[in-house]
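Subject: Structure handover

Hi there,

Have a look at it first, and then read on for what turned up.

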Amino acid sequence: MISTPLNSQKEYRVATINLFNFMAPPNAFYDFENIYTAKQWQKKCAWITAFLTDNQPDIVGFQEVFSPDELTALTQAAGYPYFAVLDHPEVEDDFIYRHPVVALASKYPITDIANVQADAQVCDALGLSQFAFSRQPLRVTVNLPQFGLCDCYVIHLKSKRSGFTVDDLTDTGTTGAADFVSRQVLGRWASSLQRGNEASLLCHQMLQRRFKSGNPFLLMGDFNDQLHSDLLAAFHQSLRVYRSDITDQNLAMLNEKALLAQLNQCLIFDSYELYKATKKSNHTLAADEFDSVCDSEIMPPTVRPATHYYGSEGSVLDYILVSSEFDPKQLANLAHIEQYQTFDRHLVRPDYERDSDSTDHAPVMMTFKVR
């Protein structure tokens, strides 16, 4: 097999993986009993290395990182010379860690790294003066040959677990079962509000960055919700344009087609949906040409595979979203989504020896081809 020189590559793979408590022993995650044995840690690292080696993503976003130094060493050994992490997990009682961070590994040079901060003025306008991300989003700019600079965001939005502690609400006015249910209802809503605020404030910062740099972007990670949830509306806005709402005179002067083209440059697209659209188009063209139904591999599955299971109920929580440059229908497109994969074997057909210390999420990977 002849390898393609890096400087002539026109196809790139991007993956996101929730590592599920990547904490090197003898340290513990959340509780003093949560310490991997040497064998468990070795199996966990071997599983991650095997995924990277077998699938060869060029850029990988990671969530639930408690041990960034160990992850740096693991990814470098797997062929990723560039690694980015800025935040630090919280340590209590010397060896018990909370609040894991996100990170990114790349086969290509990193030119800029930043933690995404919410805009204080916007927070004040929304009545969120005390807002802070539950996990700090990471922005990494990667220089891809034949493509150029690309801003890669790695996120881990607030989970659906209760956002209230006893200290937050000392008295619900009830006791027993009523107290428990009240705290669950209020705590879940607190988490939902946090997750929705994180999505909207992050989107605002991404648009600011987009306006200043003009870079294409990728947004990857564990969203802890279905993408089309109302709470994540910032990531799937459908344009409803009223001319009377446009205050910018240059924008207002554009005809309908030009106006939509400009607005679409600021939208965020689901790479899975773009992949489906590409495959559907290819399927139609092939059927027209050969007057026959194409091979089933051309079309993606009709149901999107779950990336996480709670009991027997599966849901898609992990996504890779992209800017308009990855949509062939947009005027300024630079690439199209060639493939989208969900690696769920360890969840739906687990092998204990191989998968027992892997992760509770399915990694997802998309491949894009430069136009």
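Let me begin with a cysteine: C150 counts as buried, at 0% relative accessibility. Before going further, please keep in mind that this is a predicted model, and everything below is computed from it.

How far is the sulfur of C150 from the closest cysteine sulfur? The distance is 4.4 Å, to C152, and that is too far for a bond. A disulfide would need the two sulfur atoms within 2.5 Å. C266 is another case: its closest cysteine sulfur belongs to C203, 9.3 Å away, which is again too far for a bond. With 41% relative accessibility, C266 counts as partly exposed. Searching the whole structure gives 0 disulfides.

Next, the salt bridges. The count comes to 12, and a few of them deserve a description.

K43 pairs with D357, with 4.0 Å between the closest N and O atoms. K43 sits in helix α1 (residues 38-55), while D357 is in the loop between α9 (352-355) and β17 (364-370), so this bridge ties together parts that are 314 residues apart in sequence. Are these two residues buried or exposed? K43 counts as buried, at 16% relative accessibility, and D357 counts as buried too, at 15%.

R139 and D112 form another salt bridge, where the closest N and O atoms are 2.9 Å apart. Here the link runs between two strands: R139 lies in β9 (residues 138-144) and D112 in β8 (residues 110-115), so parts 27 residues apart in sequence are tied together. R139 is buried, with a relative accessibility of 13%, whereas D112 is partly exposed at 29%.

D151 and R209 also meet through their side chains, at 2.9 Å from N to O. This pair links distant parts of the chain, since D151 belongs to strand β10 (residues 148-156) and R209 to helix α4, 58 residues apart. D151 is buried, with a relative accessible area of 2%. There is a network as well: K160, R195 and D225 are joined by salt bridges that share partners.

The largest pocket holds about 1,400 Å³ of space. Its lining is made up of 38 residues, and those nearest the centre are R135, K158, S159, K160 and R161. Which elements give two or more residues to the lining? They are β1 (11-22), α4 (176-213), β13 (308-310) and β14 (313-315). The largest share, 5 residues, comes from α4. By residue type, the lining divides into 18 polar, 11 charged and 9 nonpolar.

Finally, a word on one of the sheets. Three strands form an open sheet with mixed pairing, in the order β2-β6-β5. Its edge strands, β2 (28-29) and β5 (90-92), each pair on one side only. Between β5 and β6 (residues 96-98) the pairing is antiparallel, over 3 bridges. Within that pairing, E90 has R98 in β6 as its bridge partner.

That is what I have for now.

Best wishes

Terms used: Residues are numbered from 1 along each chain as its sequence is written. This is a predicted model: local features need pLDDT of at least 70, side-chain atom pairs count only at pLDDT 80 or more; totals for chains, interfaces and linings use all residues. Side-chain values use heavy atoms; hydrogens and water are left out. On a 1 Å grid over the protein atoms alone, a cavity is a set of points where a 1.4 Å probe fits but cannot get out, and a pocket is an open set with protein on both sides within 12 Å along at least five of seven lines; lining residues have an atom within 4 Å of a point. Grid points are joined across faces, edges and corners, and a volume is the space filled by probe spheres set on the points. Helices (H or I, at least four residues) and strands (E, at least two) are DSSP runs, numbered from the N terminus. Ala, Val, Leu, Ile, Met, Phe, Trp, Tyr, Cys and Pro count as nonpolar, Asp, Glu, Lys and Arg as charged, and the others, Gly among them, as polar. Buried means under 20% relative accessible area, exposed over 50%, partly exposed in between (1.4 Å probe, protein chains only). Two strands pair if DSSP finds at least two bridges between them.
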